Amino acid sequence: MNKILKIGLIFNQKPDQADNESNSSVDMYAEWDGPETINAVASALKNGQNGTSGREIVLIEADNKMFDRLIKEKPDIVFNMAEGFNGASRESQVPAVLDMLNIPYTGSDPVTLGICLDKQRTKEILFFHNISTPKFLTLSSYKEFKNIFLPAVVKPVCEGSSKGIINNSLVRTQGELREQIERIVNDYSQPALVEEFIDGRELNVAVLGDKKPRVLPISEIDFTKMPDNLYNIVSYQAKWDPHHESYHKTIPKCPAKLSKKVEAKAKEIALSAFKIMSCRDYARIDMRLTKDDQLYVLEVNPNPDLTDGAGFMRSAGAAGYSYAQALKKITLLAWERRVNGR
């Protein structure tokens, strides 16, 4: 890492007009980072010690000028925070360009990022490898509906950051199911994933590493304070809207209080999912834990939020990493991959 002179930090920044309402015209920016997070990452990388960061941090927005900026700046390595713009494979866009330019970068490759954003494909792969995941159907119209499991959660098939998930996304009747499928198809122009609702605890399992990944202390979203009028799900409002009651009633706890047996099983599943999906450097695997200690993987996120105090960084902190140390570790993993020709 002493040879790194320049680190390019690539990101998508939320526009000023983005707010916390939940509709397709606004929550399209939910996955993008705010200036506070972007500046915090840049500062942490720049202020690293013992030769762990470059002499210069170059901020590059993932827009239509990105390619020219990369050619001009010639970064030695890129710290990739970008989510991309359009389409189901949007998270693959930046790493695909970096691969083409032969620039090393942090995080997973285009194939993994593209597949993991597609919840249907991810669940199919996990199911094939005997990783438990809730039953599901992907529907473009309620007319395609067959007799399936209720209650269920209805969400966009190719979105992250709880986009499209509201309290009413948990459906218990045929009428509610129809309404939510139509909302997703109309508002997000993509099929709806109808997923069996797993009643229980929600766990965020962070994994750090490449060839020898390790599971960080497990975090939990505690629903015990959730009022009766709100379901125990992590909706868009619960994740992003500080004016909404659910935001203050979904309380993160890390490390989660789990039996040794459940903790060991959750870590085993997380590592398996990480490897099966070919994740690199860091990821967050979200799970549900039932009352009888059954674990179900909801999704694999190879590009999780890196805001200080958010899910992945909460676990990193519990593992003893400072914010800067966690980012340094991720960057080192990418650099070692380049040095070792991987």
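Predicted model: local features only at pLDDT ≥ 70, side-chain atom pairs only at ≥ 80, totals over all residues.
Two packed helices are described by the angle between their axes and the distance between the axes. In the model, helix α2, spanning residues 66-73, and helix α3, spanning residues 93-100, have axes that come within 11 Å. These axes cross at roughly 35 degrees, and the crossing of α2 and α3 is right-handed. On the α2 side, the contact is made by M66, F67 and L70; on the α3 side, it is made by V94, V97, L98 and M100. The residues of this contact comprise 7 nonpolar, no polar and no charged. An α-helix has 3.6 residues a turn, so residues three or four places apart point the same way.

Helix α4 itself, formed by residues 110-117, is mostly covered, with 6 of its 8 residues buried. The buried residues of α4 are P110, T112, L113, G114, C116 and L117.

Aromatic contacts were examined next. A pair of aromatic rings is described by the distance of the centres and the angle of the planes. The count comes to 2 aromatic pairs. One of these joins W32 and F85 in an edge-to-face arrangement, with 5.4 Å from centre to centre and 80 degrees between the planes. This pair links distant parts of the chain, 53 residues apart: W32 is in the loop between β1 (6-11) and α1 (35-46), whereas F85 is in the loop between β3 (77-80) and α3. With a relative accessibility of 12%, which is under the 20% limit, W32 therefore counts as buried. F85 has a relative accessible area of 40% and is therefore classed as partly exposed, since this value falls between 20% and 50%.

The rings of Y282 and F312 also form an aromatic pair. Their centres are 5.6 Å apart and their planes stand at 65 degrees; because this angle is over 60 degrees, the pair is edge-to-face. Y282 belongs to strand β12 (residues 281-289) and F312 to helix α10 (residues 311-318), so the pair ties together parts of the chain that are 30 residues apart in sequence. Both Y282 and F312 are buried.

A further contact involves a charged group and an aromatic ring. The charged end of K14 is placed over the ring of W240, at 4.3 Å from the ring centre.

Definitions and conventions. Residues numbered from 1 in each chain as written. Heavy atoms only, no water. Axes fitted to C-alpha atoms, helices over the stretch in contact; angles between N-to-C directions. Helix = DSSP H or I, 4+ residues; strand = E, 2+ residues; numbered from the N terminus. Left-handed = near helix turned anticlockwise from the far one by under 90°. Contact = heavy atoms within 4.5 Å. Nonpolar A, V, L, I, M, F, W, Y, C, P; charged D, E, K, R; others polar. Phe/Tyr/Trp six-rings, centres within 6.5 Å; stacked < 30°, edge-to-face > 60°. Buried < 20%, exposed > 50% of the residue type's maximum accessible area, 1.4 Å probe, protein only. Lys NZ or Arg CZ within 6 Å of the ring centre and 35° of its normal.
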